[in-house]
Amino acid sequence: MTGFIQFVDAMVDRIGKIASFLIYPTMLVLVYEVVMRYYFTRPTIWAHETSCMLYGAHFIIGGAYALQKGAFVSVEAFYMRFSRRTQAILDLITWTMFYIFVGTLIWKSVPWAWESFTANEFSDSTWGPYVWPIKLSIPFAAFLMLLQGMTKTIKDAYLAVTGRELVLATNAGAADGN
């Protein structure tokens, strides 16, 4: 189990850090568009669509990374008053909604993305870029979220049953400041 958790954590961490760099080309495209539009009165036909696609990939692929780092907003008015073991039990119950969401996302997005890929789908805009890459990023990101959610569920189940945190080798080194 710990091998699976370490593998998923390392993979999601690496993919999340790589996806985070998508913000730079997004910013460059937007700055280029602003300069062309307002300083040279020569707007582009591609910048808006490109920036939307880049940011969309950045956002959705970064979801698993955000899940790993605990970066999602949650309502913790009462939750914080409970012991870690009770929190883990509550998480195990409430995470059914996460699995329903991610399961539905995978179920609906895989055929949608596959159809787009096999048809070599492109946008009907003036520029007309391919849209299948961004559509394929949705089931890819949902699968990453599923894997990351499974690691959290394993950790919560371990805590709920044993009353102890599941300490992994990588976390032990990080706790010591290494």
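Tutor: A crossing is left-handed if the near helix is turned anticlockwise from the far one by less than a right angle, and right-handed if clockwise. The structure above is a predicted model, in which local features need pLDDT of at least 70 and side-chain atom pairs pLDDT 80 or more, while totals for chains, interfaces and linings use all residues. Residues are numbered from 1 along each chain as its sequence is written, and side-chain values use heavy atoms, without hydrogens and water.

Student: Which pattern does the chain follow along the sequence?

Tutor: The pattern is α-α-α-α-α-α, with six helices and zero strands. These are DSSP runs numbered from the N terminus (helices: H or I, at least four residues; strands: E, at least two).

Student: What makes α4 roughly antiparallel to α5?

Tutor: Helix α4 (residues 84-118) and helix α5 (residues 132-162) pack at an angle of about 160°, with their axes 8 Å apart. Angles over 145 degrees count as roughly antiparallel (under 35 roughly parallel, 65 to 115 roughly perpendicular, the rest oblique), so α4 is roughly antiparallel to α5. The contact of α4 with α5 has 26 nonpolar, five polar and six charged residues. In this pair, α4 passes α5 in a left-handed crossing.

Student: Which residues of α1 and α3 meet?

Tutor: Among them are D9, V12, D13 and I15 in α1, and H58, I61, A64 and Y65 in α3. By class, this contact of α1 with α3 holds six nonpolar, four polar and four charged residues.

Student: Why does I5 count as buried?

Tutor: I5, found in helix α1, has 0% relative accessibility. Buried means under 20% relative accessible area (exposed over 50%, partly exposed in between; 1.4 Å probe, protein chains only), so I5 counts as buried. Leaving aside residues up to four places away in sequence, I5 touches T151, I154, K155, L166 and L168 (contact: heavy atoms within 4.5 Å).

Student: How much of the chain is made up of buried residues?

Tutor: Buried residues make up 31% of the 178 residues.

Technical notes. Axes fitted to C-alpha atoms, helices over the stretch in contact; angles between N-to-C directions. Nonpolar A, V, L, I, M, F, W, Y, C, P; charged D, E, K, R; others polar.
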